[in-house]
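This report describes one protein chain for a reader who is new to structural analysis. Please consult the sequence and the structure shown below while reading.

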Amino acid sequence: MSIQDGTRRRSVRLAHRHSSRTEASQQQPESASSGVVLVTVGSTSFDSLMNIVDSKRFADEMEQLGVSRLVVQYGRGEHTEFPALRDRSFEVESYAFKPSLGEDMRRARLVISHAGAGTVLEALGLGRTLFVVVNRNLMHDHQSELADALAAAHHCCATDCERLLSDLHSHFADAALEHSSSSSSSRASLPLLLRGQPFAPWPAADPHLFAGLLDEQMGFRDE
C-alpha cells in the first residue's frame with residue numbers, strides 16, 4: 001500500500017468518525033435545565049462585566065426573568081465576591097476556573113459570555129440563548145467584529161457592559177408581550193427566561209469539508 005493510499009484511507013476514517021459523532025449529537029440534542037444562567041469570561045479578566053453582575057439591577061433582572069440558578073465564572077479578574085447576589089430568590093455559584101465549562105454550559109438556558117471565539121462557538125453549538133458582551137476596554141475593540149457578525153446573522157445578541165441590562169430586558173420583555181396576547185396560556189405562564197425568542201440556530205458542522213480539503217491538498221481526485 002502506498003503512502004498516498006494510506007493517507008487517503010485515514011482521512012476517510014477521520015471524516016466517518018466525526019460524521020458519526022455529529023449525527024449522534026444531532027439525534028440527542030443537549031437539554032438546558034430550566035432557569036439556569038451562566039455568566040462566563042473564559043480565561044480572561046473582565047471586571048467591568050463582573051461589576052454589572054454584582055449589582056442590584058442585575059440581580060433584580062435575574063429575579064424578574066425567573067432564574068433559579070446563576071453560575072458566574074469570573075476568570076482572572078479581581079472581582080471575586082458578589083454581595084449584591086446574596087439573599088435572592090435564586091441560587092448562586094461562582095468560581096474562577098474549572099477544567100471545563102461544558103457541564104455548566106449544557107445546563108444553562110441563557111449564556112452571557114465574553115466575546116472569546118471558543119466560548120461563543122461552544123455556546124452556539126449547544127443551541128443556547130447567547131448574549132455576547134464585548135469588552136470595549138481592549139485595544140482596537142477587536143471583539144466587536146466577531147460579535148457583530150454573529151448578531152447580524154441573528155445567532156446571538158451582541159452587546160456591551162453599558163447595554164447588557166437593557167438588552168436583556170428588551171429581549172425577554174418582547175417575548176412576554178407576544179405570549180401574553182397569544183392563546184397559549186401554558187406558554188404565557190412560563191418564567192420569562194423560558195419565553196425568550198430563540199435566535200437563529202447555529203448550523204451543524206460538516207466534517208466532510210475537512211476531508212475534502214485534505215484530499216485536495218494531497219492531490220487526490222475522485223475518478
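## Strands S5 and S6

Strands S5 and S6 run parallel and are joined by four bridges; two strands count as paired if DSSP finds at least two bridges between them. Val132 has Ala158 of S6 as its bridge partner. Strands here are DSSP runs of E with at least two residues, helices are runs of H or I with at least four, and both are numbered from the N terminus.

The model is predicted, so local features need pLDDT of at least 70 and side-chain atom pairs count only at pLDDT 80 or more, whereas totals for chains, interfaces and linings use all residues. Residues are numbered from 1 along each chain as its sequence is written, and side-chain values use heavy atoms, with hydrogens and water left out.

In a regular strand the side chains alternate between the two faces of the sheet. Strand S6 is covered on both faces: Cys157 and Thr159 are buried on one side, and Ala158 and Asp160 are buried on the other. Buried means under 20% relative accessible area, exposed means over 50%, and partly exposed lies in between (1.4 Å probe, protein chains only).

## Helix H6

Which residues of helix H6 are buried? In this helix, residues 143-152, they are Gln143, Ser144, Ala147 and Leu150. Seen down the axis of H6, these residues fall within an arc of 140°, so they line one face of the helix; the arc is that of the directions from the helix axis to the C-beta atoms. On the other side of H6, Glu145 and Ala152 are exposed.

The buried residues of H6 pack against helix H5 (117-125), strand S5 (129-134) and strand S6 (157-160). Contact means heavy atoms within 4.5 Å. After H6 comes His154, which has a positive phi near 65°.

Ser113 belongs to strand S4 (residues 110-114). Is this residue buried or exposed? Ser113 has a relative accessible area of 0%, so it is buried. Leaving aside residues up to four places away in sequence, Ser113 touches Thr40, Thr119, Val120, Leu130, Phe131, Val132 and Val133. Ser113 and Val39 are 74 residues apart along the chain, yet their C-alpha atoms are separated by 5.8 Å.

Thr119 is found in helix H5. Its relative accessibility is 12%, and Thr119 therefore counts as buried. Beyond residues up to four places away in sequence, Thr119 touches Thr40, Gly42, Met105, Ser113 and His114.

## Salt bridges

A salt bridge is a side-chain nitrogen of Lys or Arg within 4 Å of a carboxyl oxygen of Asp or Glu. By this rule there are twelve salt bridges. One of them joins the side chains of Lys98 and Asp104 (3.0 Å, N to O). Lys98 is partly exposed at 35% relative accessibility, whereas Asp104 is buried at 8%. Both residues belong to a network of salt bridges that links Arg69, Glu91, Glu93, Lys98 and Asp104.

A further salt bridge connects the side chains of Glu103 and Arg107 (2.5 Å, N to O). These two residues lie in helix H4 (residues 102-107), four residues apart, about one turn of the helix. An α-helix has 3.6 residues a turn, so residues three or four places apart point the same way. Glu103 is partly exposed at 43% relative accessibility, and Arg107 is partly exposed at 42%.

## The chain as a whole

The chain contains nine helices and six strands. Of its 223 residues, 42% are buried.
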